[in-house]
Amino acid sequence: MIGSHRTCSASIGVAVAIVAMLSGCHHPGPPPPRLMFDNLPVSGTLADARRAGFTDCVAGPDSMRCRRRSVMFQGKGPYEAAVDLDGDDGGGGFDQLTLWHDDDQMAVQAAGDALHMTGWKLCMTGSGTHGDYEIYTRQGSPVRVAIDISYWSKRRLRVIPERNPKKPLCTATPG
């Protein structure tokens, strides 16, 4: 019995050590390839973000956010903009661009309207004609644009590479 108690205690100790190591250590994968759209970075490395003026960076436990102010998109703005990089040092890169306006919740809608006026197709997530996002797509474009339409949070516009598996998908078209 004494021998099995030692084995059990040793196993528990090893398990606790492994859990402690895993919870305190995040290893991001390689950054996605560089992609620019409307002269803004949509995916790439920390160096790509910094070259594009995203130099106001704050590191968190597993990620880094780099911001840029007074950004124009589709001739509209200015907006606040950010890229969220994987890893506390940004080593995993970023795979979308986020824009918003601090004082005007409807300001990002002007960019969506500009996309629609130039032939981008509009659809939505959710059911019927109501949903969480307006999604703008264009045949052959390497990106899609998603705009929050919820009234419960700050509206934001996200530019997302088509190759990103986490991109929001259309489930409804406006009537």
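This is a predicted model: local features need pLDDT of at least 70, side-chain atom pairs count only at pLDDT 80 or more; totals for chains, interfaces and linings use all residues.
I started at Leu 85 and listed its contacts (heavy atoms within 4.5 Å): setting aside neighbours within four places in sequence, Leu 85 touches Thr 45, Leu 46, Asp 62, Ser 63, Met 64, Cys 66, Gly 90, Gly 93 and Phe 94. Numbering runs from 1 along each chain as its sequence is written, and side-chain values use heavy atoms, with hydrogens and water left out.

**Leu 85, continued.** I placed Leu 85 in strand β5, residues 76-86; helices (H or I, at least four residues) and strands (E, at least two) are DSSP runs, numbered from the N terminus. Is Leu 85 buried or exposed? Its relative accessible area is 1%, so I put it down as buried; the cut-offs are under 20% for buried, over 50% for exposed and partly exposed in between, with a 1.4 Å probe and protein chains only. I also checked Leu 85 against Cys 57: they are 28 residues apart in sequence and 9.9 Å apart in space, C-alpha to C-alpha.

**Whole chain.** I counted 3 helices and 10 strands, and from the N terminus on the order reads α-β-β-α-β-β-β-β-α-β-β-β-β. Of the 175 residues, 37% are buried. Among contacts with a separation of 6 or more, 49% come from residues 24 or more positions apart. The accessible surface is about 10,000 Å², and 58% of that belongs to carbon and sulfur atoms; the areas come from the Shrake-Rupley method with a 1.4 Å probe.

**Aromatics.** How many aromatic pairs are there? I got 2, where rings of Phe, Tyr and Trp (its six-membered ring) pair if their centres lie within 6.5 Å, with planes under 30 degrees apart called stacked, over 60 edge-to-face and the rest tilted. Phe 37 and Phe 73 have ring centres 6.2 Å apart and planes at 50°, so I logged a tilted pair. Phe 37 sits in strand β1 (residues 35-37) and Phe 73 in strand β4 (residues 63-73), so this pair ties together parts 36 residues apart in sequence. Both of these Phe residues are buried. Phe 37 also pairs with Trp 120, edge-to-face, at 5.9 Å centre to centre and 75° between the planes. Trp 120 is in the loop between α3 (107-117) and β7 (121-124) while Phe 37 is in β1, so here the parts tied together are 83 residues apart in sequence. Trp 120 is buried, as is Phe 37. I noted Phe 37, Phe 73 and Trp 120 as one aromatic cluster.

Most residues other than glycine have a negative phi, and most peptide bonds are trans. I found a cis bond joining Gly 77 and Pro 78, with omega about 5°; Pro 78 is in strand β5. Asp 38 has a positive phi of about 55° without being a glycine, and Asn 39 likewise has a positive phi, about 65°. Asp 38 lies in the loop between β1 and β2 (40-43), and Asn 39 is in the loop between β1 and β2 too. Asp 38 is partly exposed at 29% relative accessible area, whereas Asn 39 counts as exposed at 68%.
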